[in-house]
Amino acid sequence: MRYVLIALLAYAVMGGAKPATGEEKPGTSTVVLLHGLARSSASMQKMQDALEEAGFETCNIDYPSTKHRIETLAREHVLPEIKACVGSLAAPIDFVTHSMGGILVRYLAEHGLIPRVGRVVMLSPPNGGSEVVDRLGESWLFEFVNGPAGRELGTDSASVPLQLGPAAFEVGIITGSRSINPMLSLMIDGKDDGKVSIARAKLAGMRGFLVIPTSHSFIMKNKRAIAQAISFLESGEFSERGIE
């Protein structure tokens, strides 16, 4: 009886904690966040806060998205920032990306710059390019606002997304079905989010695809998108099914 009381007292002092099993709990890996074209890391702040609340370590990376081509952004800006934040690249690295951020991950993975890409959630990625770039990419105003990387996101032979292969990593894609710019939507074939069509957000090899009623510009702040991003990072699948 004495030993039982001692054991119960020790359990109470430890707060009822269970002994360590040596197994890593879900939601403890580092997630790299990459914003989209002409945005900043501040646009991913709400996503970052939610991920940290769920138990993830985060690296919310800022990069000069409108100053360079995609190759230069990936190699000379994003990759060094990932190394500085994460340290060793030996362990798999998870990502949550918005728009062009997903193309940067594809570039890093395909060229072996990130040896082990873990789970990736892409929000409104132009995986098949965007017709908006085809129509407006040659204008001085488009280049002024979006820079050289923006002109590489079309659907023609110069399209960087179309030059990259299928996903060789676990990727879940969430895109929107609402547009806040009807003029741009007129340039896009099929239903779209104001910048990218639903069809062109898809990527061969993806493990999950979800469409929600939000726009390209605000999907990273959407509560439903955030919840589903966490679900995919934790389990490798979305907790929701189908298309909205």
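This is a predicted model: local features need pLDDT of at least 70, side-chain atom pairs count only at pLDDT 80 or more; totals for chains, interfaces and linings use all residues.
A crossover counts as right-handed if, with the strands pointing away from me, the path from the first strand over the helix to the second runs clockwise.

**Entry 1: the β-α-β unit.** I followed the chain through β3, helix α4 (residues 100-110) and β4, and together they form a right-handed β-α-β unit. How do strand β3 (residues 93-98) and β4 pair? They run in the parallel sense, with 5 bridges.

Entry 2: Next I looked at strand β5 (residues 170-176), which runs parallel to β4 and is joined to it by 5 bridges. Here I found Leu 123 with Ile 174 of β5 as its bridge partner.

**Entry 3: is β4 buried or exposed?** I checked strand β4 (residues 117-123), and 6 of its 7 residues are buried, so the rest of the structure largely encloses it. A reminder to myself for viewing strands: in a regular one, side chains alternate between the two faces of the sheet.

**Entry 4: Ser 231.** I then moved to helix α10 (residues 223-235), where Ser 231 is found. Its relative accessibility is 14%, and because the cut-off for buried is under 20%, I put Ser 231 down as buried. What does Ser 231 contact, leaving aside neighbours within four places in sequence? I listed Gly 236, Glu 237, Phe 238 and Ser 239. For Ser 239 I also have a distance: its backbone nitrogen is 3.2 Å from a polar atom of the Ser 231 side chain.

Definitions and conventions. Residues are numbered from 1 along each chain as its sequence is written. Side-chain values use heavy atoms; hydrogens and water are left out. Helices (H or I, at least four residues) and strands (E, at least two) are DSSP runs, numbered from the N terminus. Buried means under 20% relative accessible area, exposed over 50%, partly exposed in between (1.4 Å probe, protein chains only). A polar contact is a pair of N or O atoms within 3.5 Å; within protein, one must be able to donate a hydrogen and the other to accept it, and residues adjacent in sequence count only if both atoms are side-chain atoms. Contact means heavy atoms within 4.5 Å. Two strands pair if DSSP finds at least two bridges between them.
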